[in-house]
Amino acid sequence: MAIGDIIVGIDIGTSKVSAVVGEVNNFNQIEIICSTSNKCRGISKGKIIDEDAISNAIEKTILEAEEISDLKINSSYINIPGKYVTIVQNSIVKEAKDKYAGISLKDVALSMNQIRDIEIPDDKILIDIVPDKFILDDGKITDDPIGKFSSSFTLMAQIILADREYVKKITNIFRKAGIDIDGIVPNTLSERNLVLDINEQSDNVMLLDIGAGNTDIGIFNGSTYVYTNTLSLGGDNVTNDIAYVLNISTEEAEKLKRQYGLALKSFIDNDNNIVLNTYMGGDSKNKTIKSSQLIEIIEARVEEIFSLINKEIIAQGLKNSINNVILVGEGIVNLNKSDMAGKIILNIPVKIATGRLVTTVKPTFRTSYAIVRYIASRPFASSVSSNIDTRTEKSFIKTFATKVRDFFYS
């Protein structure tokens, strides 16, 4: 980490725009300066449908962050859905300039520059290089070869490409909001070290981030980023199904989903009566249903989401390599037994994420915080700071309790 760097991470989601501003402190940890969020419906099914809505939400979110932090924010790192990302595996062999002095930072920098030299399709643009591992001439594997004595080394890395048209659109949106883009990070790549525990980070894992409107898939073979994609289904689809089938408002459907949220009908303890308050059918404004009827609707959509995921990983030839599935996201974790439903359909062990940080960070800020952490931990980077100006002479690092009151759970 680059001590003193201030990093801004912005998450453009289906239902909101959120931002986290953090500084790398002397203990190589992220100290949160502020976090802000605003509702936004400028993206639907993973597609940009209202550029002005997104731009206005970004501008409002940044202005609030500036007011809280006494900083002038000129740039930020942002996320990108997996559907717009292509991962290319590449490796190169690099000779050390002086094998008796050990591999130098310059040797590594030259290898990073060399490994990016691939043929990139016209409709793609390079957004990141993820160094995976270094293999020394004696066969030893390391994630940091600097200072190691070796006449040569092999760098294995993932070259991250993004859809050029999407990047062009999102860049224009941020430009309208007066913010430059420092870098673009795939959702599941940034979330890996936040969501997975230490054992899961060395396992072959599929990370599923099921949000309001999208499900992001990220597959990792240990530290190797293998595959990512996005399905245009999420928690909002469950809510809409409830509203449509029961003929009630989406507001009441969302409330019922949260109150009775269960992904499998077979786990119902008591089949209670539910009085619908906004029933739209017939002359009566009230109708009574059984809780089992509600759970059947939820179960059907959850089953569809996991079935589509299963179909995707089979089509990609990746299912047999996955040992565990980790669930995260507001669209799924509030549905009890969703992990069990996933296990039944995928036939792979499934669990809700239990990483220490993912359980303490508010879901609203999880992705934006994950971006900040990912950028701060980039190896071999001398500086990763966003473009920030101080607005006042006073320190922008206020007391911990004040800064994070809206970020962490109490």
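Asn347 is exposed, because its relative accessible area is 66%; exposed means over 50%, buried under 20% and partly exposed in between, with a 1.4 Å probe and protein chains only. Asn347 lies in the loop between helix 8 (338-346) and strand 19 (350-352), where helices (H or I, at least four residues) and strands (E, at least two) are DSSP runs numbered from the N terminus. Although Asn347 is not a glycine, it has a positive phi of about 60 degrees.

The model is predicted: local features need pLDDT of at least 70, side-chain atom pairs count only at pLDDT 80 or more, and totals for chains, interfaces and linings use all residues. Residues are numbered from 1 along each chain as its sequence is written, and side-chain values use heavy atoms, with hydrogens and water left out.

Asn247 also has a positive phi of about 60 degrees without being a glycine. Asn247 is found in the loop between helix 5 and helix 6. With a relative accessibility of 33%, Asn247 counts as partly exposed.

Two packed helices are described by the angle between their axes and the distance between the axes. For helix 5 and helix 6 (residues 250-260), the axes come within 8 Å and cross at roughly 115 degrees; axes are lines fitted to C-alpha atoms, for helices over the stretch in contact, and angles run from 0 to 180 degrees between N-to-C directions. Helix 5 and helix 6 are therefore roughly perpendicular to each other, given that angles under 35 degrees count as roughly parallel, over 145 as roughly antiparallel, 65 to 115 as roughly perpendicular and the rest as oblique. Gly235, Val238, Thr239, Asn240, Ile242 and Ala243 of helix 5 make the contact with Thr250, Ala253, Glu254 and Lys257 of helix 6, contact meaning heavy atoms within 4.5 Å. By class, this contact of helix 5 with helix 6 has four nonpolar, four polar and two charged residues; Ala, Val, Leu, Ile, Met, Phe, Trp, Tyr, Cys and Pro count as nonpolar, Asp, Glu, Lys and Arg as charged, and the others, Gly among them, as polar.

Helix 5 (residues 235-246) also packs on helix 7 (residues 291-315), with axes that come within 9 Å and cross at roughly 135 degrees. Helix 5 and helix 7 are therefore oblique to each other. On helix 5 the contact involves Asn237, Val238, Asp241, Ile242, Val245 and Leu246, and on helix 7 Leu294, Ile297, Ile298 and Arg301. The residues of this contact of helix 5 with helix 7 divide into seven nonpolar, one polar and two charged.

What of the interior? The largest nonpolar core has 67 residues, and Ile10, Val21 and Ile58 touch the most other members; a nonpolar core is a set of buried Ala, Val, Leu, Ile, Met, Phe, Trp, Tyr and Cys residues joined through side-chain atoms within 4.5 Å. Helix 9 (residues 366-376) gives the largest share of this core, seven residues. A second, separate core of 40 residues includes Met206, Leu264, Val302 and Phe306.

Val205 lies in strand 13 (residues 204-210) and is buried, because its relative accessible area is 1%. The C-alpha atoms of Val205 and Asn324 are separated by 5.0 Å, although the two residues are 119 residues apart along the chain. Helix 4 (residues 187-195) is mostly covered, with eight of its nine residues buried.
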